[in-house]
Amino acid sequence: MDYLHFRACIAACRRCVDACDDCTEACTYESNVFELAECIRLTVDCAEMCQVAAELMARDSHFSLEVCRLCTQICDACAEECSRHYHSFCEHCAMVCRHCSEECRMVSAACVD
C-alpha cells in the first residue's frame, strides 16, 4: 500500500489526536477529575497511538498495518470510556475515536495477506 491508500486513515488519526488532547485537557479542569482518571489515561494513550499510526502510514512503514490494528483497539477502548461521561468534550472524543477506529479497521482489513 502506498501513502494515497492511507490518506483517510491518516486524517482520521490526526483528528483523533486533537480530540483526545482536547478531552484530556478539559477533563483535568473538571471538579470530578478523579472520576475521570481512566478517561484521561485512555485519551493520552489514544492520542499517542494515533500520532504514531499517522506518522508510520505517512512514510509507508512496514509496521503500519500492525500499528493500525492496535490503534483500532485503543480507539475502541477510549470511545467506550468517553461515552460513559456526560461532558460534551467526552462525547465528541468518543465520536472521533469511533471514526478513527473504523478507518484503521478498514486499512487493516484491506491489507490482510
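Histidine 85 is buried, with a relative accessible area of 15%, where buried means under 20% relative accessible area, exposed over 50%, and partly exposed in between (1.4 Å probe, protein chains only). This histidine is found in the loop between H3 and H4. Leaving out residues up to four places away in sequence, histidine 85 touches Glu35, Leu36, Cys39, Cys90 and Glu91; contact here means heavy atoms within 4.5 Å.

The structure is a predicted model, in which local features need pLDDT of at least 70 and side-chain atom pairs count only at pLDDT 80 or more, whereas totals for chains, interfaces and linings use all residues. Residues are numbered from 1 along each chain as its sequence is written, and side-chain values use heavy atoms, with hydrogens and water left out.

The chain has four helices and zero strands, and from the N terminus on its elements run α-α-α-α. The radius of gyration of the chain is 14 Å, close to the 13 Å that the globule rule gives for 113 residues, so the chain is as compact as a globular protein of that length. The radius is taken over C-alpha atoms, and the globule rule is 2.2 Å times the number of residues to the power 0.38. Helices (H or I, at least four residues) and strands (E, at least two) are DSSP runs, numbered from the N terminus. Along its principal axes, the C-alpha trace spans about 45 × 20 × 15 Å.

Of the 113 residues of the chain, 49% count as buried. The accessible surface comes to about 6,300 Å², and 55% of this area belongs to carbon and sulfur atoms; accessible areas come from the Shrake-Rupley method with a 1.4 Å probe, and for residues only the protein chains shown count as cover. Among contacts between residues at least 6 apart in sequence, 72% join residues at least 24 apart. The chain has 9 positive and 20 negative side chains, and the centres of the two sets lie 5 Å apart. In this count Lys and Arg are positive and Asp and Glu negative, while His and the chain ends are not counted; the place of a charge is taken as NZ of Lys, CZ of Arg, CG of Asp or CD of Glu.

A nonpolar core is a set of buried Ala, Val, Leu, Ile, Met, Phe, Trp, Tyr and Cys residues joined through side-chain atoms within 4.5 Å. Of the 42 residues in the largest such core, Cys13, Cys16, Cys46, Cys50 and Cys97 touch the most other members. The elements that give two or more residues to this core are helix H1 (3-28), helix H2 (37-58), helix H3 (64-82) and helix H4 (88-110). Its largest share, 12 residues, comes from H1. Not counting residues up to four places away in sequence, cysteine 16 touches Cys46, Cys50, Cys75, Val96, Cys97 and Cys100.

The other loops also hold residues of note. In the loop between H1 and H2 lies valine 33, which is partly exposed, with a relative accessible area of 24%. Apart from its neighbours within four places in sequence, valine 33 is in contact with Cys27, Thr28 and Ile40. The loop between H2 and H3 contains aspartate 60, whose phi is near 55 degrees, a positive value in a residue other than glycine. Aspartate 60 is partly exposed, with a relative accessible area of 34%. Histidine 62 is also found in the loop between H2 and H3 and is exposed, with a relative accessible area of 76%. The C-alpha atoms of histidine 62 and glutamate 25 are separated by 33 Å, these residues being 37 residues apart along the chain.
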